[in-house]
Amino acid sequence: MYLGVIPSVVNCCLLWEERDKPGVIWFILSMATGGLWALLFATFTLIPDPGLTLAVANFFWVSIPTAAVTFFLLAYEFVFKQTVPSTVVAALFSPLAVLFVLSWSNPYELVFTTAYYVTADGVLHFPVFDGPLKVLVTQVYGYLLAFLAAGMFVGELLRTNGTQRRQTVYLLVVFSMLVGSTMVKVAGVVPIYFDPTSVLYSFSGLFFAYSIREHGLLKFVPVAREQTFDEITDPIFVIGSSGHIVDANRAGSQLSDQSVIGTKIEQLISESAVSSDEQDTGVIKLELDGGTRIFSIEASEIVYGRGVTGKIVVLSDITALKEREEELDLLKQVLSRIFRHNIRNDLNVIAGFAAIIRDSTNGETARSADRIHTRSMKVVDQAAKARKIETVLSYAETDQRPLEEYLSKVKQNMPAELLSCVSFAVDDVVLDAHPRFDLALTELIENAISHHSGEEPIAVRVTTDVSPTDVTIIVEDNGPGLPPSEFAVLEAGEETDLEHGSGIGLWLVYWIVSRSNGTLSVQVSDSGTEVRITLNRPDSTPDV
């Protein structure tokens, strides 16, 4: 029984740094009480002096209900995730204090009867049911708190999962061990000088030591769901099967000056509604104390009871997002108009005059005019690609079309002198891709041709690699092709001051592939550059 003190001390040390978390301090005290229980029982059993035996026993009888109180407080804080008020703690321990004080004088045999005595050799004899106060405190009161704690643990076991459920199982296992050992003691199966309850209670610390080490028992106590529900700043409503609000978080309750419980969500929203987005039925404007706010409405069905259904409705404040979206849309319109009209038209004029100067002069003047013409036409080309990107971003859905249909557009729009450098060897396969996927193929082919260098004739090949689930379109050339710095920008997903692409053509490819739910990769070798675009195949497409 003395050995039962060791695991109690070990567990107290393991969790001392976690004592501020809900339930942990009571677990520490519970383990300490279990060790004290074993220590006191073993001590008054071995002491031969009758007077000293009675004195130690007075401390022992208080340790039994103390274990029950700490176990109850542990269960309360573990389940409800909040500390017990000090007044409640004092009230729970007060019966123990009364028992301890009166056990020294035993007035009117309230604590001990004549059947409670010590022999000359220091052996304590005590009946199962002794004085009324001792029975009420150590048995009735103690067992009541223990079973209330067990009830809370069972409830927690039924409604939780994961780590919380695993921890609850550990605590229920310990409780079951205590109940079983107590029944063994009451039945008189073990000798009077041995108490299996205290020993099991202490050695259960080994079980807890394992759970602390392997599963973080009591170290990962979840935040109370109720507190999380209230702390969310977006209004949340729980709608019953009748369509009325049955619960709301703090933000939801503050949405109206009156109680929202019992009202219908449609009625609550209509009272504050300014207007709704005709294009998006899931967006609504509400007039609140802080001004007009824009919310998105999301509803999810819940099932509770025996097939009863309800809903959880969440109003997410997207005011800042909508304002940013409108600003970006305006900026896009302004920049698009500038590129489409002002800059492009002015650069065409500049390029035209530069061509006249180049053709009518010679020497350095002609060379400078040619450079002006070349750069001007390059910017005009970039403006045209920017317009294409705007078109690409306007599509949100993919289409299921044959690859040959996209290639036909490529061949129609590409100059004959460039097309003569390209060979096609593709499978008859249907793609799930962006409607303007042909722009991506055109850009990759033209990019490979424009970056070609050396005396070897330009050769660009377009092939496919088909599997039952996807298709890879491969564009490869026989020159240096795509510079590594160009594709590095796309892999980083952003332009930087130190590393940037020379144009926006590859961004056009990137966005088309991204909106096709595909992947883009490149390999550069001595024999050329290989760009691979992998796209999903529609489920209806037969295996090739």
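Ile269 lies in helix H10 (residues 265-272), where helices (H or I, at least four residues) and strands (E, at least two) are DSSP runs numbered from the N terminus. The structure is a predicted model, in which local features need pLDDT of at least 70 and side-chain atom pairs count only at pLDDT 80 or more, whereas totals for chains, interfaces and linings use all residues. Residues are numbered from 1 along each chain as its sequence is written, and side-chain values use heavy atoms, with hydrogens and water left out.

Ile269 counts as buried because its relative accessibility is 11%; buried denotes under 20% relative accessible area, exposed over 50%, and partly exposed the range in between (1.4 Å probe, protein chains only). When residues up to four places away in sequence are not counted, Ile269 touches Ile284, Leu286, Ile297 and Leu315, contact being defined as heavy atoms within 4.5 Å. A separation of 9.9 Å is computed between the C-alpha atoms of Ile269 and Glu287, which are 18 residues apart along the chain.

The largest nonpolar core comprises 50 residues, and Phe60, Leu73 and Phe153 have the most contacts inside it. Such a core is a set of buried Ala, Val, Leu, Ile, Met, Phe, Trp, Tyr and Cys residues joined through side-chain atoms within 4.5 Å. Two or more residues are given to this core by each of helix H1 (5-15), helix H2 (24-46), helix H3 (50-80), helix H4 (86-102), H5 and helix H6 (162-186). H3 supplies the largest share, 16 residues. Beyond four places in sequence, Leu73 touches Trp26, Val84, Val89, Leu92 and Phe93. A second, separate core of 33 residues includes Val462, Val475, Leu506 and Leu535.

Helix H5 (residues 132-159) has 28 residues and, at 1.5 Å a residue, should span 40 Å; this agrees with the 39 Å between its end C-alpha atoms. The expected span is 1.5 Å times one less than the number of residues. H5 bends by about 25° at Gly142, the bend being the angle between axes fitted to the seven residues ending there and the seven starting there.

Five strands form an open sheet in the order E10-E12-E13-E15-E14, with mixed pairing; two strands pair if DSSP finds at least two bridges between them. Strand E10 (422-425) and strand E14 (519-525) stand at the edges, each with a single partner strand, so one side of each is left without a neighbour in the sheet. E10 and strand E12 (residues 460-466) run parallel and are joined by four bridges. Arg461 in E12 is the bridge partner of Ser423.
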